[in-house]
Structures are given as structure tokens and as C-alpha cells.
Amino acid sequence: MNIPANKPLSYGLAVLMLLFSMLAHSETDATQQPLQDALAAIKQGSMSEREQAINHLVELKHPRSLVILQALLAGKLLVVKDQDKLVIGDAIDQDYNIVDAVSNEKLGIISAEQVGKINLTNKLRSNLRKIIGELELNADDDAVRLAAVKAMDKEVDARLLDLFKQRLAVEQNADVKEAIENILLLQQMDSADKNERMAAITQLQSHDSLDVVNKLKAITEKDADGNYAEADSDIRNIADAALTEINGRLRLYSSIETVFFGLSLGAVLVLSAIGLAITFGVMGVINMAHGELMMIGAYTTYVIQQLMPNYLGLSIILSIPAAFLISALVGIAIERGIIRFLYGRPLETLLATFGVSLFLQQTVRSIFSPLNRSVATPEWMSGSWQINDFLSLTWNRFYILIFCLIVFVLLMQILKHTKLGLEVRAVAQNRRMAKAMGIPTAQVDAMTFGLGSGIAGVAGVALSQITNVGPNLGQSYIVDSFMVVVFGGVGNLLGTLVAGFSLGIANKFLEPFAGAVLAKILVLVFIILFIQKRPRGLFPQKGRAADS
Amino acid sequence: MKLLTLASQDKTRATVLSVLAAITIIIPLCNVLTPADSALHFSAYTVSVIGKYLTFALLGLSLDLVWGYCGILALGHGAFFALGGYAMGMYLMRQIGTRGVYGDPLLPDFMVFLNWKELPWFWYGFDNFAFAMLMVLLVPGTLAFVFGWLAFRSRVTGVYLSIITQALTYALLLAFFRNEMGFGGNNGLTDFKDILGFNIQSEGVRSMLFFLSGVALIGAFLLCSWITSTKLGRVVTAIRDQESRVRFLGYRVEMFKLWVFTFAAMLAGVAGALYVPQVGIINPSEFSPLNSLEIVIWVAMGGRGTLYGAIIGAVVVNYSKTVLTGLLPDAWLYILGGLFIVVTLLLPDGIVGLLQRKLKEQAA
């Protein structure tokens, strides 16, 4: 899939590595000698010699030691039979792609028959795992150390405990430090001394770790006969208190998570509603094809990604202006072709634009098939931000939230500081007066509609990152986005923002106990009732403009 | 000129009425009297399709009363139709009795399937035909009354009202999709056996349902014509044209609107109740906002504010739909979308308006 594009890159890397390895050869030949000896022992020796050689390799503290040992553990350390040479190889079908074990020099692809694998006994393997862990524990990279600590927290023995203590004394990185402390304190909880145990529990109650929660729960629980697993009531009480404190924080985390989900849902609502807010607020036109303009934006993303499959990130970034342009052009065409003949007849406009939406849906269905298409997410947008064991926020929703705010701020700036913005606001306030002042209202209408439609297209790009792209994409958002506009107050962009986020958060807080569908219904019913009380929304327009 | 328009309106009205009456009497009569292989015999399919059109025409008529005469563009009118249909469907479900797949004497199949132990309270009484028919009127009527009371009292008008009616039917769509609601979820209510003890598939019952649909349509048409000609009808029309002026004259606008809205919802409920036994199924898709918008296009296509225009529109659009979805399944949405645009831009008075203009030109 990605091979053609990566080829130049991998060639470049190969050349670079070759250069480095040649340099390394010429300078460090003398220091390579003990390494070569150890490797020779690994290569030929009996299992016990192999074990000694491994230990020797560790003592050498050579920069290649860790890589070689990792390869050995993974079964990737191979001997090329006719050259009697140690290499590290990745299996490709029947062949191996090998590099020199010592110099890391690329040696190309070799068939599996020409190499022999270096075998290990199970005992040796488990020892090796520990040894590698220790090496990783002292690696220079923070992430490697943290991963090593996390990987080793399951079976902690006395020797490892010592290693942890040594590392803790010199450790600088806060995350690694906390992870090690966590393990040490968990160990301390099993100590024989009651005071030490209590001290450990007290200290641990500020740690957000699943292991801590499980351990504390084990202490406070009763077994089948109704006896406490922990005999000492002091320990039980203090563990209980610690658990309560941790649970309090967990509730906080889950609230934070719900708020985050709500904000991200709100961001989607705001993105989809804000274009509608412009066309409806300024022109009093309900554009029922607004959802389909979003769909066009999403399909634009899909097409651009198909055109440049190897540059995912770039394709998403390029999609933003492209989707804006295409949706804006379609929007202007709708305005010039249909809506301008229907000004002053909002109900007819609603019906005509609904016709347009059906038309666009069927067009997309004919071109791209009725099936949903999925748009790939670039790497920097996938995955999640793991804050602790209990709280993680997904990156794509995070980016959409930020994207929504950027779009909002940009739009506000356009409306406030550009000539178009000034004219748009003038027409929105008093169309006839604006016309009398020489503002070309027809042109402004077209541009306004284009702007609102373009933003719908941009919203479509964001949507393509969280849901599948299909002909019905827009339909599901039109009622929601109109609700947001009405709830916020027509003609008020800030109101749209507030309304979108509050509806998003309300939806997500209702979901846990009402279910997704019922939550949606409740929100709809709430808005219907809300419009009864305040027909002009949260932030109604004041003054003369409100009467029209 | 004005007289001529009125005369031609009366003429069209008379034509529509007589055609309706002819269809209503002849088709069932032919089917009952002639043997199945006779040339005069209509197939079961034809009878059920035309019967369906008649109920749609009734539905269009009820929307025309709301939109054409009172100016309320209700985008959720299909919800009342579906509610009437569900009330009828519940009666028909209770008639199945032990003949269901699971053979439970009380619970419909889908409840047994969901492992429910007893009948939900709102299913009680639906084994009684009279009660069910009362519900066909009361359920849509009550919903329309409560909704309208809230909306009209706080003067929600125009596009706002349109969109919240759409939200209403959308919310109902989501709700009825849920199995927990107790209305069969996604699959809805189907597999009906009997109505009033007669086999619902039989020739006689089909003809009878057809006849009743025709009678209901004619009756509703006459009733609506009468309503629009009374003083109440004139006030309602005045509200459509100048709402604030009517209010300043001392009329309580919201009460008139509420009355019309509720009455129309009940008519839609009746249409739904006649529709369900003829097509044999009712499911949540009837609540979909698109269905409600299709009703609007029937009325707009036929010509709103004329009542018979809604009937013509409903039949023409649905006949085209039946034919075209068979011939060109992909093209239907293009055509429906095109209809919305063409009708609003070029044919604001619909087919009826076009015919009247032609008539006028001939007379001139």
C-alpha cells in the first residue's frame, strides 16, 4: 500500500545507516572485540555458555547489547550459515530481511534456508526477559523506561525491587518516578509491619492506578463466609477511607470525561449549525439542503484522500479549503438558481431547498454508490491521550473541538473586520436601509449564502473523521442543527456556540441513565418546551431587527 | 372574472366528487358481484393500491385544511397518520389471539419474543373495536391538542413551527424504534388476521375497507368544504392572510388554530387507521420526516387551499411514485426533489391553479 512512497525514504535511511556503520567500524574496532567474543559464545556455545554470554553482554553495557538481546528474545537473532555471521532478521514470507547484529549494517534479503535461528530454553527466556527489563529500566528514553516499569509491575521479586529502588534514587522523569513509587508502595502494602502498610496505603490514596484500586478492594472485601479478607480492622478502615477518596476522584474523572464527550458532540453541533445560523440569521432562509452541503464537504475529503492515498495528513488539511470552495459554489448556485426567487416566502424556500437536498442525495448516491465510505484518519489524529489509568481523551475529538473553535473565531473575525462582514451585518439588520445606502444586497445575499455553505462543507470534513461518509450523512444533522440555532437565538453566533455546547453536554450527561436514543428524545422535547417559553431562543435579538 | 373562477371551482369540485363517488361504489361492487376471472374484476393488488391512494388523499386533505386554509406548514403531519395507524394495528394485533407463532393468548408475538410477562397497560382495551376506534381519534387528537396548545399560545409561527413539528415526528420516530416502547420496535405491527371476526385477506373485507376509505374521504371532503364556508372557516382563512390583524380585531387566534390543527390531526388518524388494514403493516418509518414532507408536496402539487387539489395531488404524486419506482427505482428521489423545486418556483397554485388558468384563457 505505502511501499511506493516509502521507497525513496527507506533507501535514504539505508544509505545513512551504512555511512554510520562504516564510521562506527573504523573508530570502535577495538571496543567491538569483547562484544564479538560474547556473541561468539552465544552463537556456538551450550545453553549454560549462552547464559554466561548473555550476562557478559549485559556487563559490557555496549549500546548494541539491548538490541541484540531483544532480538534474541523475539527469535530474530539468526546465524547466516555459510558466513558464520550473527544477524538480526525480520521475517518476510519465506525470507528474512537482515541487518548485521553488531554494526546494524543492512544486508538485504536472504532465504530462510540459509540462516539458523538461535534457540533458547524456557528458563533462559524468562531470565532474558528480566535482563532486558533491567536494561530498559536504565535506558535513556523516558518512554522506554516508563514502558519497562509498567511491563514489569506484575511479578516483582526482591532483586527487581532493589533495581527499582536504585532507579528511583536517580530518576528525573516524574511519570516514571510515580510509576516506580506506585510499585514500591504496592509491595510495601504486603509488608509484615503494620505501620509500614498503613503508611503505604495513606500514600497510595493519591495515586490513580487500577492496581491500587484492586488491591484496596481486596483488603476491604468480605469472603464467602462473611469474614473480612483482612483481619486487622485499622488497616481495613484506612483502606476504606483511601478507597472512598480514590472513588471521589474517579467520579470527578468520569465527569470530566462526560464533559469532554459533550464538548466534542457540541463542537460537531456547532460546526453544523453555525453555517445555518448565518444563512437563517441574515437572510431568514431555512436551507434544508444544509446537511447535504456538509455531506458534499465530507465526500470532498473522501475524494481528495483517494487522489493522494499516501499523504493522509496532508489530504485532510487540503480538504478543508477544497470542501469550503466546493460547498460554497454549490451554495451560491442554489441561492442564484432558486432561493432568490423566493425571498419573503420562507415556507416555500423551505420546501424548495428540501427538494434540492433530495436531489443532491440522489446525485451522490448515483456517483459514489449508496454504501457508506470510510475516510481514513491520519496517525496524529488517531489514538487517545492517556492521562492516567482512568482518564483518556481521544485525539480526533480533541482536534475537532479545537477546529470548531478556530472556525468560530475566524468567522467572527470575518463578520467583524471585513467589508463583506460589515455588509452582511448591515443587510441582516435592515435590508431596505442597507440597499438605500448602496450596498448590493443581492450580491451580499449570494456571498452570505456561499459563506454559510462553505462552513457547512468544512463541518463535513470534521464529520468525515468521526463517522462514515454516506448519502444520509446530512439528513441526520439538519433537525439537530436547526434546534441549536433556534435554542441559541436566531442571528446570534455566540448564542449558537453556547447552545451547541450546552446541548452536547446535556445529551452526554443524560445518556448514561437514559440511553442514547432516549437522551436525544429528551433533549428534543426540552427544546420544544423551551421554544414555548422563549420563542426567540437563549439570546434573543433586540431592537427593530427582532420585529421583522 | 371572480364569478367565473368560483364557478369553475364549483365545477371542479363537483367533478372530483362524482369521480370519487363512482370509484367508491363501482370498484367494490364489481369485485363482490363478478367472479374472479371476469374482465370487470379488479385484482386484489389494484384494489389495495387504489384504496391506499384514497387514504393518502384523506391525509392530504387534512393537511390542506391546516396549511392551505390556516397557513400552518406542519412538517410532522405524518405522525398523526402513523398514530392512528398504530391504534388500528394494536386492535388487529389483539385479534390474532392464539394464532401467533408463539400462540400466547394475550401477548402479541414480539412481546413473547422480548420475554415480556404481561401486557403493558396501554395495550388494554384494544381488543375492543369501539375502544380502538375511539383511540384512533383521541390519540392523534390529544397529541395535536397538547402540542398545539403549547405552540400556538406562545405564538410560535412560520418556519419555527414547521421545524418543531418536524422535530416532533422525528422524536416519535426514534421513540417507536425502541423495543422498550412496546410497539414492536423496528418491525412494527404486522401479520394481521381478522377484523371484526372477518378474514382481513378476504375479497369481501378488502372491498369493504376500500368502500369505507372512499366514504370517509367523501365525507371528510364535504365536512371540510362546509367548515371552510362557515364563519369559523373564514376567520381561519383570515388568520392565514393577516394573523396580527385578526388578533387585533379581537379574535383569539390561538384557539382557532388549535381547533383546526386538532381536527386535522384526527382526520389524519382516521386515514392511518384505514391505511393499516389495507397494506397489512405499520412500522416506525411512517414517522420519518420525509413521509411528512411528501404529504406537503402532494398538497402543493395539487394546489393548496382548495381541498380537492389535495386529493388530486395525493393521487397524482402517489400514482407517479408507484409507476416510477417500478420503472426507474433510482430516479424517484430526483423526481420528488424536482417536484419540490418546480412546484414552489413555477406552480405556486399547483395542478388546480394551472387548470384554472387554462380555463380562464379559454373563456377570455
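Domain bounds here come from an automatic or database domain assignment. With those bounds, chain A of this predicted model is divided into domain 1 (16-125), domain 2 (138-231) and domain 3 (272-385 + 440-546). Taken over C-alpha atoms, the centres of domain 2 of chain A and domain 3 of chain A are separated by 50 Å.

**The five-stranded sheet**

- Five strands of chain A form an open sheet in the order 4-3-2-1-5, and their pairing is antiparallel.
- At the edges sit strand 4 (106-111) and strand 5 (115-117) of chain A, each pairing on one side only.
- From one strand to the next, the twist averages 40°.
- Five bridges pair strand 3 (residues 95-100) of chain A with strand 4 of chain A in the antiparallel sense.
- To find your place in the model, look for A:Tyr96, which stands opposite A:Ile110 in strand 4 of chain A.

- Strand 6 (residues 384-388) and strand 7 (residues 391-394) of chain A run antiparallel and are joined by four bridges.
- A:Ser384 has A:Thr394, in strand 7 of chain A, as its bridge partner.

**Helix 11 against helix 13**

- Helix 11 (residues 290-307) and helix 13 (residues 346-368) of chain A pack at an angle of about 25°, and their axes are 9 Å apart.
- Because angles under 35 degrees count as roughly parallel, helix 11 of chain A is roughly parallel to helix 13 of chain A.
- The crossing of helix 11 of chain A past helix 13 of chain A is left-handed.
- On the helix 11 side, A:Gly291, A:Glu292, A:Met295 and A:Tyr299 make the contact, meeting A:Ser357, A:Leu360, A:Gln361, A:Val364 and A:Phe368 of helix 13 of chain A.
- By class, the residues of this helix contact are five nonpolar, three polar and one charged.

**Where chain A meets chain B**

- Chain A brings 32 residues to the contact and chain B brings 34 residues.
- On the side of chain A that touches chain B, the elements giving two or more residues are helix 13, helix 18 (475-488) and helix 20 (516-533) of chain A.
- Helix 13 of chain A supplies the largest share of that side, with 14 residues.
- The side of chain A that touches chain B has 24 nonpolar, five polar and three charged residues.

Terms used: Residues numbered from 1 in each chain as written. Chains lettered and ligands numbered in written order. Predicted model: local features only at pLDDT ≥ 70, side-chain atom pairs only at ≥ 80, totals over all residues. Axes fitted to C-alpha atoms, helices over the stretch in contact; angles between N-to-C directions. Parallel < 35°, antiparallel > 145°, perpendicular 65-115°, else oblique. Left-handed = near helix turned anticlockwise from the far one by under 90°. Contact = placed C-beta atoms within 7 Å. Nonpolar A, V, L, I, M, F, W, Y, C, P; charged D, E, K, R; others polar. Pairing = 2+ DSSP bridges.
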